[in-house]
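Please keep the sequence and the structure in view while reading.

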Amino acid sequence: MIMLDVLNLMVFFENALALNDFSMNVEEGEVVGVIGSNSAGKTTLMNTLSGLIIDMRTKEKRRGGERITVYGKVVFDGEDVTETSPSERVKKGIVLSRERHPVFPESSVVENLKIAGYLRKKLQIHEAMDDVFKLFPALIHLRTRKAGFLSGGEQQMLAIGMSLVVKPRLLLLDEPLLGLSPMMQKTLVGAICNLKKDSGITVLLTEQFARPVLPIIHRGYVIENGMLTLNGTGKELMDNPEIKAAYFGV
Amino acid sequence: MKKRRERIDRGIKVRAEDIFAVCSWREMLYLSAPRLLPIVGFIVLPLILGVYWQRVLLSVAIFALLAISWDILAQSGMVSLGQALFFGMGAYCSGILNHYFGISPFVTIPIAAVVGGAICTVLLLPVLRLRGVYFAMVTLIIPLMLERVIEATKIFGGTEGISGLTSLPSTWLELYILLAAVLAALFGFRRLMTSDYGLVLKGIQDNDRSVMNAGINIYWFKIQALFIASVVGSFAGAMMTHVYRFVGMPVFALDYSILPIAAAMVGGPGSFAGATLGAFILVPLSEALRALGGLRIVFYGVFLVIFVVGLPEGIFHFVARKYHQFERWVEVEK
């Protein structure tokens with residue numbers, strides 16, 4: 001069953017075209033990857049799917065800055081959510097973990113998770129927190145540590161954990177591996193794999209460096225200059241010589 | 001076919017950016033009109049205004065200087081809530097020099113500007129390391145504190161203040177000195193902020209750690225920016241002292257801190273022209289509303305709120321954009 005359907009999405013930042021006629025879909029229970037180089041439009045796609053772009057649009061408009069225009073449709077569970085605010089989308093189950101692991105640096109790990117779980121009941125948060133600690137055992141000993149003092153990888157785990165506490169139906173991960181060591185990347189990829197297996201969450205992730213993520217994704221989309229250039233199953237993409245040359249670093 | 005609104009530069013702007021601008025009067029006018037407007041305006045306005053509105057113009061110039069001084073600080077990453085400190089320090093310096101030593105205003109005003117600026121800089125030195133709201137709080141408190149100090153210790157005339165100071169020879173001279181100062185500050189500091197020196201100051205506001213990484217001592221630059229801003233503010237205060245021939249506790253009042261900020265916000269923060277424009281709108285507006293009596297503050301406040309919410313970029317940036325760019329509907333093509 002198709003969970004998220006993106007139809008002919010076009011996003012303009014003033015006169016610059018960030019996403020050009022981009023269409024994709026995500027089926028329930030899948031792990032889908034969007035692969036692209038710098039400035040390909042990955043983050044714009046994530047912002048549009050999570051609705052953050054609506055907030056950016058109003059703020060820029062007030063400020064008289066860049067005019068952001070969005071055309072096309074985002075359909076979630078058969079419902080058009082193109083103009084739905086980010087908070088409403090979270091209630092529907094679309095949760096984004098933004099790139100560069102933004103956490104609340106002055107709060108402890110547990111507090112961070114509690115803030116993230118604002119929408120849920122206290123008991124559920126505790127359960128969800130236990131799940132997060134099960135998924136990322138490295139965080140257990142850091143419960144009371146201030147999030148600002150964690151390392152990049154730990155912060156990334158915490159950021160993903162924060163989006164998991166909300167109990168998403170569709171989890172958007174924007175460059176989860178950015179700036180992590182190969183070892184840490186492996187741990188995180190394993191965790192994402194477990195995540196799908198254990199809780200059946202649908203995952204849509206973006207990445208620049210395709211090698212660690214291609215083995216775990218069901219399907220992948222390759223995006224260049226805001227345009228879809230290629231799509232296929234993870235295996236197909238892995239065997240594609242162009243992809244190998246461009247995103248594998250060989 | 002779907003359409004979207006496109007915003008692009010006017011043809012004349014693109015042409016006028018180049019050396020070809022000197023080929024045509026139209027393009028030369030396009031470039032020079034926005035710069036000539038304030039200059040011509042400041043020269044002509046005193047000639048056509050009556051005595052009362054000349055006084056208003058005088059306060060416009062004072063508040064424009066304070067707003068510019070606030071903007072210098074804001075552009076170098078120091079949000080100040082205490083322009084009254086600079087203003088009052090300059091005012092008291094020139095008042096004391098004139099009253100106790102009998103020095104002519106032509107000497108006291110420059111001395112007060114520099115000495116007042118230096119004293120303010122030294123006063124704020126310990127808090128330069130603070131950022132954001134902490135720096136703002138300290139600057140807010142110091143002038144209020146000085147006001148109480150003068151009241152309690154009764155120095156320099158105490159609550160009575162010092163009156164009967166020498167005034168400048170003519171009101172025309174006062175007016176034109178002030179307007180020339182505003183113009184000099186407006187164009188001079190704009191040039192300064194676009195130079196490499198200004199780039200460092202703006203960098204400090206954007207990301208001070210990166211500036212440190214470039215091997216620059218940001219505190220030394222902050223001290224310089226603070227000194228420049230306080231000299232401008234102190235000069236305004238010194239001029240005001242000799243215009244009213246009086247200096248007293250009110251020079252440290254909150255008005256001189258808040259109104260310049262309001263002017264800069266309404267006019268357009270981040271540009272000295274915006275700060276001047278804001279003073280040009282708010283001061284006469286507050287005079288015109290004087291007839292309303294007590295309700296004046298309410299109207300004034302509502303006006304400010306509407307502006308800050310509805311047009312946060314400020315009037316200047318809005319007008320500048322309309323001047324340089326136009327909008328049209330274009331078809332979305334794939």
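The crossing of helices α3(B) and α7(B) is left-handed, a crossing being left-handed if the near helix is turned anticlockwise from the far one by less than a right angle, and right-handed if clockwise. Helices (H or I, at least four residues) and strands (E, at least two) are DSSP runs, numbered from the N terminus. The model is predicted: local features need pLDDT of at least 70 and side-chain atom pairs count only at pLDDT 80 or more, whereas totals for chains, interfaces and linings use all residues. Residues are numbered from 1 along each chain as its sequence is written, and chains are lettered from A and ligands numbered from 1 in the order in which they are written.

Helix α7 of chain B spans residues 171-194, and α3(B) packs against α7(B) at an angle of about 25°, with the axes 10 Å apart. Axes here are lines fitted to C-alpha atoms, for helices over the stretch in contact, and angles run from 0 to 180 degrees between N-to-C directions. The angle makes α3(B) roughly parallel to α7(B); angles under 35 degrees count as roughly parallel, over 145 as roughly antiparallel, 65 to 115 as roughly perpendicular and the rest as oblique. Among the residues that α3(B) brings to this contact are L57(B), L58(B), A61(B), A64(B), L65(B) and I68(B), and those of α7(B) include L175(B), L178(B), V182(B), A185(B) and F189(B). Two residues are in contact if their C-beta atoms, placed from the backbone, lie within 7 Å. By class, the contact of α3(B) with α7(B) comprises 17 nonpolar, 3 polar and 1 charged residues. Ala, Val, Leu, Ile, Met, Phe, Trp, Tyr, Cys and Pro count as nonpolar, Asp, Glu, Lys and Arg as charged, and the others, Gly among them, as polar.

Helix α3(B) also packs against helix α12 (residues 272-288) of chain B, at an angle of about 140° and with the axes 8 Å apart. That angle makes α3(B) oblique to α12(B), and the crossing of the two helices is right-handed. On the α3(B) side the contact includes V56(B), V60(B), F63(B), A64(B) and D71(B); on the α12(B) side, A275(B), T276(B), A279(B), F280(B) and E287(B) are among the residues involved. The contact of α3(B) with α12(B) has 12 nonpolar, 3 polar and 2 charged residues.

Which residues touch the most other members of the largest nonpolar core? They are A64(B), L65(B) and I68(B), in a core of 82 residues. Helix α3 (residues 51-75) of chain B gives the most to this core, with 14 residues. A nonpolar core is a set of buried Ala, Val, Leu, Ile, Met, Phe, Trp, Tyr and Cys residues joined through C-beta atoms within 7 Å. Leaving aside residues up to four places away in sequence, A64(B) touches V182(B), A275(B), T276(B), A279(B) and F280(B). A second, separate core of 72 residues includes A18(A), I125(A), A147(A) and V213(A).

Another helix pair in chain B is formed by α5 (residues 105-124) and α10 (residues 218-244), which pack at an angle of about 140° with their axes 7 Å apart. The helices α5(B) and α10(B) are therefore oblique to each other, and their crossing is right-handed. Among the residues that meet are I109(B), A112(B) and G116(B) in α5(B) and L226(B), F227(B) and S230(B) in α10(B). The contact of α5(B) with α10(B) has 15 nonpolar, 8 polar and no charged residues.

P269(B) lies in the loop between α11 (255-267) and α12 of chain B. With 21 C-beta neighbours inside 10 Å, P269(B) counts as buried; a residue is buried if 20 or more other C-beta atoms lie within 10 Å of its own, exposed if 12 or fewer, and partly exposed in between, with C-beta atoms placed from the backbone. Not counting residues up to four places away in sequence, P269(B) touches D71(B), A74(B), A264(B), G274(B) and G314(B).

The contact between the chains takes 12 residues from chain A and 13 residues from chain B. In chain A, β1 (2-13), β2 (16-27), α2 (52-63) and β4 (68-76) each supply at least two residues of the side that touches chain B.

N8(A), in strand β1 of chain A, has a positive phi of about 45° although it is not a glycine. With 14 C-beta neighbours inside 10 Å, N8(A) counts as partly exposed. S39(A), in the loop between β3 (31-35) and α1 (42-50) of chain A, has a positive phi of about 55° and is likewise not a glycine. S39(A) counts as exposed, with 12 C-beta neighbours inside 10 Å. Most residues other than glycine have a negative phi.
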